[in-house]
Amino acid sequence: MTDRDLTPMRRQYLQFKREYADCILFFRLGDFYETFDDDAETAARELDLTLTSRPISKNQRIPMAGVPHHAVETYIARLIEKGFHVAICDQVSEPDGRGIVDREVTRVITPGTVIEPGLLSESKPNYLMAIYPVGDAETGRWDAAGIAYCDITTGEFAVTQLSGENAALLVVEELARLSPREVLLPDAWAERGVSLPQGSALSKVQDWKFERAHAEHALTTHFKARTLDGFGLGEMPAGINAAGAILQYIQTTQRGQASQLTTLRAYSTDNFMLLDQFTRRNLELTETIRSRQSHGSVLGSLDRTITAMGARLLRTWINQPLLELKRLNARLDAVEALTKDETLRAEARETLKHIADIERLTNRLLVGRANPRDLLSLRQSLDLVPTLRDLIASMPSLASLAKGLD
């Protein structure tokens with residue numbers, strides 16, 4: 001069957017499907033998002049949808065399964081949770097009765113590139129990680145590894161390099177610490193790979209996107225920098241490869257948008273205590289062994305946070321125990337000050353109750369996904385920042401925090 005035998009809509013669909021072959025393509029038709037062919041069979045199976053069919057030529061029908069447009073996020077969330085990638089193809093012109101409506105893929109959603117609030121946990125970061133192994137892919141020998149991770153909902157972007165005979169083990173420990181929702185690996189290493197934590201999805205990326213020239217060009221272009229020396233990456237060549245690959249992946253899935261990534265931080269694992277996955281599990285740091293819930297864990301016992309931002313930060317601190325005495329003492333001094341002043345603590349908590357998730361609101365605004373309710377929440381939250389700043393400015397141990405509140 002030639003293209004000439006197909007309906008115009010079918011030809012349009014196939015054009016997008018060829019471009020997004022590794023995604024389940026949600027194709028907007030009126031009040032529904034439809035899936036076709038193998039995508040329809042997958043969607044029907046994974047989402048408990050009714051599988052129907054649609055004619056595409058005189059004597060041929062194809063499988064079809066659809067969901068209402070107003071409920072699409074619920075269905076997408078279920079697919080993302082299972083590790084699928086979803087491409088959303090929207091109508092970008094109004095039907096005029098003279099021909100097929102214009103459509104384009106407006107977003108690609110993968111486990112690590114979700115920005116919709118309904119698809120995210122408020123209290124957990126949503127990390128996307130890229131790993132660039134240095135060694136022999138045939139034998140699976142690791143000599144070093146570059147690691148980059150980011151959370152596009154908050155703009156956090158960090159990179160490191162792990163070297164030595166224990167490089168593979170150190171990678172596993174970083175995976176256990178960060179629990180990324182999605183991990184990018186070069187094609188050549190994807191089969192050998194690494195053991196991923198439960199809930200992490202693996203995505204294979206073309207090897208050339210990890211190559212130094214492409215990675216460095218992507219990073220310098222994005223950050224408008226002549227070199228990467230100012231980011232502290234001079235001793236992290238494999239880290240540059242990983243960071244460049246992750247940036248290119250985000251630009252692809254976000255349709256060229258990565259404006260929420262405004263900084264890149266180099267870090268060293270020497271600054272905090274390394275805990276392997278078994279130690280983390282047995283200590284029940286963020287979830288219990290039996291129920292795999294935070295209730296009853298160290299995090300569940302300590303978490304009295306008011307805001308989503310605070311909940312995520314506390315989780316990060318528990319997963320990354322400090323080894324720097326100066327920073328440890330600064331935290332303890334702040335805790336002591338708030339413990340002793342019950343009135344100030346109560347006033348601060350009352351103020352924080354009315355502060356929304358500024359991190360994620362700001363980043364939705366940067367990528368053009370904020371709605372009027374988001375803007376009102378952001379305004380209300382920013383109105384309260386001076387009140388919070390004045391409350392804590394009188395305490396010497398919290399004065400540096402107050403200065404940082406703009």
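Predicted model: local features only at pLDDT ≥ 70, side-chain atom pairs only at ≥ 80, totals over all residues.
Which residues are buried in helix α13 (residues 358-366)?

Local features need pLDDT of at least 70, side-chain atom pairs count only at pLDDT 80 or more, totals for chains, interfaces and linings use all residues, and side-chain values use heavy atoms, with hydrogens and water left out.

**View 1. The whole chain.**
The chain has 15 helices and 12 strands. These are DSSP runs numbered from the N terminus: helices are H or I with at least four residues, strands are E with at least two. The radius of gyration is 24 Å, close to the 22 Å from the globule rule for 406 residues, so the chain is as compact as a globular protein of that length. The radius is taken over C-alpha atoms, and the rule is 2.2 Å times the number of residues to the power 0.38. The C-alpha trace spans about 80 × 55 × 50 Å along its principal axes. Of the 406 residues, 45% count as buried. Buried means under 20% relative accessible area, exposed over 50%, and partly exposed in between, using a 1.4 Å probe and protein chains only.

**View 2. Two nonpolar cores.**
A nonpolar core is a set of buried Ala, Val, Leu, Ile, Met, Phe, Trp, Tyr and Cys residues joined through side-chain atoms within 4.5 Å. The largest has 29 residues; C150, F157, L219 and I246 have the most contacts inside it. Elements giving two or more residues to this core are β7 (128-136), β8 (141-151), β9 (156-163), α6 (212-223) and α7 (237-253). Helix α7 gives the most, with 8 residues. Beyond its neighbours within four places in sequence, C150 is in contact (heavy atoms within 4.5 Å) with partners including F157, I246, I250 and L261. A second, separate core has 21 residues, among them A40, I76, V86 and L120.

In α13, the buried residues are I358, R360, L361, N363 and R364. They pack against β8, α10 (308-319) and α14 (372-393). Just after α13, G368 takes a positive phi of about 75°. A370 lies in the loop between α13 and α14. A370 is partly exposed, at 27% relative accessible area. Not counting residues up to four places away in sequence, A370 touches R364, L365 and L375.

**View 3. V72 in helix α3.**
V72 lies in α3 (residues 72-81). V72 counts as buried, at 6% relative accessibility. Its contacts, leaving aside neighbours within four places in sequence, are F26, Y33 and V67. The C-alpha atoms of V72 and A130 are 29 Å apart.

**View 4. Positive phi at two loop residues.**
D48 has phi near 55°, a positive value in a residue other than glycine. D48 is in the loop between α2 (37-47) and β3 (52-57). D48 is exposed, with a relative accessible area of 65%. R292 also has a positive phi, near 60°, and is not glycine. R292 lies in the loop between α8 (277-283) and α9 (298-302). R292 counts as partly exposed, at 38% relative accessibility.

Methods: Residues numbered from 1 in each chain as written.
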